[in-house]
Amino acid sequence: MQEAVKPDQRKTSATSGSRATSGEFRPDLEGLRGVAILLVLLYHARVPGTDGGFVGVDVFFVLSGFLITGLLLREHERFGRIDLGAFYARRARRILPAALVVLAATMILSWFLLAPLDLPRVAGDAVASALFFGNIHFAAGATDYFGTDLTPSPVIHYWSLGVEEQFYLLWPALLILATRSHRPRVAAGLLLAGLAILSYLAALVLTDAAPAWAFYSLPTRAWELALGGLLAVGAGGLGRLPNRVAVPIGWLGLGAILAAVVLIVPGTPYPGLAALLPAFGSAAVILAGARRGSVASLLAVPGLRFLGRISYSVYLVHWPIFVLPAASLAVGEDLPLEVRVALAALSVVVGWASFRWVEQPIHRGPRFAWRPSRTLAAAGVAIALTVAICGGVGFAASAGLDQGGPDVADAGSPAPATASAPAATDATMGSTSPSALPTATPRGPQPLPADVRPSLRAAGTDAETLEADGCLLGQPQTYPPNCAYANKKGTFTVALVGDSHAAHWFPAILAIAKDRGWRLVPFIKLSCRFLDMPLYSHWYQRMYTECDTWRKLVVTRLRALKPDLVIEASLRDLVTTNATDSDQVHQGEAMARLLQQVPGTKAIIVDTPISKYNVPSCLSSHRSDVRPCETPLSFALGPSPGIVETTAAAALGATLIDMTPLICPGPGDTCPVVIDGMIVYRDNQHMTATFAASLRATLEADLFPPASNTQ
């Protein structure tokens, strides 16, 4: 899923064995692991009806807490102590071989299959994953709004290994302290209960306030591992439950897990309250045990046990198998369902091979049954080697980007399509005149210019300075900062209002402001369109109340500021909370209603065309001919471009500015990605600051046609 990973892109985990706290092997727990990995595969294959299949991670977490805590308790009861060195050596033999081999193999395959510009980022993901802090790395990366359209990381699923290994770095030491009491199981139970309560409260709070951290971080996931641990602590007493109680509990538990797959949808806040369903469902299945007529009879069938046995290796290989073919064969396209299902089946085959020839020989084989100190030393060397491989691939790819120009010299090819100098404008409409549209050269092969601006390496970060200056608000913030640019004491004040699609016009507007002596005041909040209408937030997976609050505060600030000119720009696509608000004319009327509440002349910029691809990444793979990175006009403009802005401008008598002809110049039915030697987009929808600044003359003429050019 990032993918995002935004919070709705959910990836998963599998790492523990299947022995009960008594030490007896439980086939039903191996089968439960099979159910969990099957749900993960169905979810990532996007099989209809499995939107909640990512809850397989919750099943794995609860199982892991139960099994590992039980193992440690048995060790203490048998030997009177817990050998931390031996424990970590066992974990290393269990976890590292397959994990590191898959990481290294994924990076090597990525060299051949991913866009060169993506490789340094993926290499960083792999290094973090090899060091088992991938969950922290991905949580931090998920806060980057402008990273939402990037190719999904083929190693993002390692986040869950980070959660587990961080937990087991701390939990055995805490358990040793608990076992020093006169009643070690009681002490361990109290410790786990307190940990579970605090962790779950953190999950509830952060699911709403910081969803990425709630999903990926140990503090908000530890409660699931602690829940499994509590079952292990109380296994003796719970095992005495009568059949008439335990058997229905087990079936209800499996039903809860399957219900979560259907009931939890992309808009469900997670983990939050929703995670209780699969977590307690898993706990109920574990609690039921292997009894006559229990759910164990279903879970112990050979097919599920086979999947459970190889689930860890399948988990490791499945996500790269889904991501890499899609990234290399269908850039910007979804793979068909039947292909995705075939990839899920291939994951089982490759996972079995990894289990057979990598995981088991080292985990179980006598050849590697070394003393703990030697095992841990070998683990350190293996991790360092994997980090070197992954980092080396990223470094080599980064160095290749510095070479610039096309991959293959093609001196005879014509230059990329170029736009003319700023076009003449229609003074009455305030928009680019069709008779003066840019023209393009014949459509032969078009290599990326060696001196392209910005450079290919810099294109993805060639953004306006608002965020760096603290003048662009993220999703959580609501109070508009006091920011002013150009002539801060100027008598003519211009307010730039909107979301990130207003922000990417900032370089052009700032240049105008400096020339004209304006005071330029930005009011920008990510994903928050400036219209009188409640919006839905994909980030929070709920109503975007922070946007409502911000807009009210901005209106108050603008009334006090009394700007001479208000320029509004926003992303054309938005998700509303009310079905009636999906009508674009209705949205235009809502924009007019809000803008009417603030003083000053109004100018509304029609939203820019969007690209089907992350343009810099695509260009890095097509430097010999950039045409495969171009987007069809039908996609770039959408089915009804400009309706919202046209409706609002007509209602307000505002200036309507449509720069589309400069961004998608003809002839042809696609939008170019390089114009006048400049890369147009820094991702799939935001212009590079370099290209945006080049449009300032036309934008200025549209803002102040000759008949009214008084500023």
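**Salt bridges and a helix pair**

Modeller: The side chains of Arg542 and Glu546 meet in a salt bridge, at 2.7 Å from N to O. This is a predicted model, in which local features need pLDDT of at least 70, side-chain atom pairs count only at pLDDT 80 or more, and totals for chains, interfaces and linings use all residues. Residues are numbered from 1 along each chain as its sequence is written, and side-chain values use heavy atoms, with hydrogens and water left out.

Colleague: What makes Arg542 and Glu546 a salt bridge?

Modeller: The term asks for a side-chain nitrogen of Lys or Arg within 4 Å of a carboxyl oxygen of Asp or Glu, and the N to O value here is 2.7 Å. By this rule the count comes to 22 salt bridges.

Colleague: Why is Arg542 called buried?

Modeller: Buried means under 20% relative accessible area, exposed means over 50%, and partly exposed lies in between (1.4 Å probe, protein chains only). Arg542 has 17% relative accessibility, so Arg542 counts as buried, and Glu546, at 12%, counts as buried too.

Colleague: Why are Arg185 and Glu77 called partly exposed?

Modeller: Arg185 has a relative accessible area of 26% and Glu77 one of 48%, and both are therefore partly exposed. Their side chains meet in a salt bridge of 2.7 Å, N to O.

Colleague: Why are helix 2 and helix 12 called oblique to each other?

Modeller: Angles under 35 degrees count as roughly parallel, over 145 as roughly antiparallel, 65 to 115 as roughly perpendicular and the rest as oblique. Helix 2 (residues 56–79) and helix 12 (residues 276–288) pack at about 45°, and they are therefore oblique.

Technical notes
Axes fitted to C-alpha atoms, helices over the stretch in contact; angles between N-to-C directions. Helix = DSSP H or I, 4+ residues; strand = E, 2+ residues; numbered from the N terminus.
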